[in-house]
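Student: I've got a structure to go through, and I'd like to know what stands behind each label. Can we take it step by step?

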Amino acid sequence: MHEPMIKSKPAWSPDSWRALEPCHQFAYPDPKALEAASERLASLPPLVTSWEIEALKAQLAEAQEGKRFVLQGGDCAESLDACTPDEVTTRLKILLQMSLVLVQGTKKPVVRMGRFAGQYAKPRSSPTETREVDGKQETHESYFGDLVNGPAFTAEARAPDPDRMLRGYHHAAMTLNFVRSLCEAGFADLHHPEYWDLRFFSNAALSPEKRERFENASRELASALRFMEALGEKSVDDLSRVRFFTGHEGLNLYYESAQTRQVPRRNDYYNLTTHMPWIGERTRALDSAHVEYFRGIANPIGVKVGPKADPVELLDLIDVLNPHGEPGKMVIITRLGAEHVGKVLPRLVRVVSSAHKPVLWVCDPMHANGITTPQGVKTRSFDDILSELEETCDIHASEGHPLGGVHFELTGHDVTECVGGAGGLRAEDLHQNYTSHCDPRLNYEQSLEIAFLLARKLGG
Ligand code: PEP
Ligand code: CO
């Protein structure tokens, strides 16, 4: 029997993490400006509601029982400048299209969760960056995402600025507002997939074969919906009305905690910046400030788990974050790498299952498959991503339950950031349209291709 390592902890509050050594690698130079920004942020209305958060938790609980499948995706680092109508609709369209392919393949409702409306903060491998500028070596703080500092390589841009938290909040609010209006207005109505794919399709470099498969899939789905509605099937409404949930890495605890509060008629504290925040691989140590903050919130929580994870430590973490074993609360996002998944994942799954912990297993096949080309460009290979994903599906199936969801870094644009895929993108093509500020993303065609391959795999 697994004995939780931490039996009791001191009282929690949204700010109790401040007593611990912060594990984000940046510090704000002006404490007064930080407090002023935090106070202002705390006084603003929530971005999401506790009802939406509880609705997501209920859907994740169903996913844990194998009744739903979770699709999460978006940019590695969302930029404030990308808060434009075109960017937001492009993100929704690619997630909608992938989800439609997955609904067809899995025959299950898909929970759609953007990695957006708050994915503005990034952990980095080093707190500083050195570059040669005009023949001299210059060192500045690393870029930690638009929520913290700016990407330009100057001392001014790289200084952490707390007012950026307010700008991040406002941009997240504008993004969410537009997502909600689009969904309300029927943009995402599954009866009419033709509304949200046609113009997009003529713009994208998509092979005729994939176009046809997708068009067939959307036609079949629309006619199946009409058929079920004709039979008076009530659950169809839930299937056809698309909702989007949001998630982001809860890296900047000043931002997260300022919008964490109790709401009328509920006892718990909610992080009201997003539906499902997650803890990154670099900040999930049991005694970290991040785990202290996350243990007190009622939202579903994601935890990224890398190849060095110790299964017993993972159990301790689950006990701290979900002490009452609430269904739909814990989402373990494994990012193990094509090379390690076969060795590491079976142990993790067995230890958690035999302790009867209710968790949802989600696969992030991106973050442990990074490579650098001989020219020094950060990329990922489509084959490695697919291989980790397929092996993860096999391992979960052989442990007696299907994989619960996927987490991708992707974009609906025709970028050239990951090599491989049916388009045959090569290392020497990467410079053509590499626009990510951080990690390389699957482009439009690679995203849809991975959805088709996954749907085939999960559909048996
Ligand atoms: C990320 O999701 O962008 C990220 C940094 O992931 P991880 O914590 O898994 O490395
Ligand atoms: Co990333």
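Student: How many aromatic pairs does the count come to?

Tutor: Six aromatic pairs. Keep in mind that this is a predicted model.

Student: What makes Trp12 and Tyr269 an edge-to-face pair?

Tutor: Their ring centres are 5.3 Å apart, and the cut-off for pairing is 6.5 Å.

Student: How do you know whether Trp12 is buried or exposed?

Tutor: Trp12 has 18% relative accessibility, and buried means under 20%, so Trp12 counts as buried. Tyr269, at 27%, is partly exposed, as that class runs between 20% and 50%.

Student: And why is the pair of Phe26 and Phe144 called tilted?

Tutor: The angle between their planes is 50 degrees. Stacked needs under 30 and edge-to-face over 60, so what remains is tilted. Phe26 lies in the segment before H1 and Phe144 in the loop between strand E4 and helix H4, 118 residues apart.

Student: What makes Gln446 count as buried?

Tutor: Its relative accessibility is 3%, and the limit is under 20%, so buried it is. Gln446 lies in helix H14; beyond its sequence neighbours within four places, its contacts include Phe382, Cys418 and Arg441.

Definitions and conventions
Residues numbered from 1 in each chain as written. Chains lettered and ligands numbered in written order. Predicted model: local features only at pLDDT ≥ 70, side-chain atom pairs only at ≥ 80, totals over all residues. Heavy atoms only, no water. Buried < 20%, exposed > 50% of the residue type's maximum accessible area, 1.4 Å probe, protein only. Helix = DSSP H or I, 4+ residues; strand = E, 2+ residues; numbered from the N terminus. Contact = heavy atoms within 4.5 Å.
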